Amino acid sequence: QPQFVESGGGAVQPGESLRLSCVISGISLDNYVVGWFRQAPGKEREGVSCLSGKSFRTYYADSVKDRFTISRDNPKKTIFLQMNDLRPEDTAVYFCATLRASMLPVQERCKVTHVQNWGQGTQVTVSS
């Protein structure tokens, strides 16, 4: 089982930025599609962004395109989510995750049903 350590969440004002980090140990990270998911109060958990292991193909939810960037540093076993121009509707608990093996392209796999293991979550609050 992989171990996750998330960091970088916090409270910011609209328009500001945050960078989430997730160290994933216990696995060969470059063999996995990884992703960030979020769950706002009263809403279902949703896929925000996913990144393939070796081809570096990405998926972004429409609501975060052109504002968020996912990246990974495989030797450091770390994935990142750079979040710019944050909005109140981005307020949620953010979870990093590894996805199950699949032949589907990454844009079709960035869903809760494809997650194999979850991080513990980090709170992001955007409010004026």
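Strands here are DSSP runs of E that span at least two residues, numbered from the N terminus. In this predicted model, Glu-6 lies in strand 1, which covers residues 3-7.

Glu-6 is buried yet has no salt bridge. The nearest side chain of opposite charge belongs to Arg-45, 8.1 Å away. What does the side chain of Glu-6 meet instead? One of its polar atoms lies 3.1 Å from the backbone nitrogen of Cys-96, and a polar atom of this side chain also lies 2.9 Å from the backbone nitrogen of Gly-121. Leaving aside neighbours within four places in sequence, the contacts of Glu-6 include Ser-21, Trp-36, Tyr-94 and Phe-95.

**Rings that meet**

How many aromatic pairs does a search of the whole structure find? There are two, and here they are:

| Pair | Centre to centre | Angle between planes | Arrangement |
|---|---|---|---|
| Phe-37 and Trp-118 | 5.2 Å | 75 degrees | edge-to-face |
| Phe-95 and Trp-118 | 6.0 Å | 80 degrees | edge-to-face |

Phe-37 sits in strand 4 (residues 34-39) and Trp-118 in strand 10 (residues 115-118), so their pair ties together parts 81 residues apart in sequence. The other pair also links distant parts of the chain, with Phe-95 in strand 9 (residues 92-99) and Trp-118 in strand 10, 23 residues apart. Together, ring pairs join Phe-37, Phe-95 and Trp-118 into a cluster.

Buried or exposed? Phe-37 is buried, at 0% relative accessible area, and Phe-95 counts as buried at 9%. Trp-118, at 30%, counts as partly exposed.

**Charges over rings**

Arg-19 lies over the face of Phe-80, at 4.0 Å from the ring centre.

Notes:
Residues numbered from 1 in each chain as written. Predicted model: local features only at pLDDT ≥ 70, side-chain atom pairs only at ≥ 80, totals over all residues. Heavy atoms only, no water. Helix = DSSP H or I, 4+ residues; strand = E, 2+ residues; numbered from the N terminus. Buried < 20%, exposed > 50% of the residue type's maximum accessible area, 1.4 Å probe, protein only. Lys, Arg positive; Asp, Glu negative; His and termini not counted. Salt bridge = Lys/Arg side-chain N within 4 Å of Asp/Glu carboxyl O. Polar contact = N/O pair within 3.5 Å; in protein donor to acceptor, adjacent residues only side chain to side chain. Contact = heavy atoms within 4.5 Å. Phe/Tyr/Trp six-rings, centres within 6.5 Å; stacked < 30°, edge-to-face > 60°. Lys NZ or Arg CZ within 6 Å of the ring centre and 35° of its normal.
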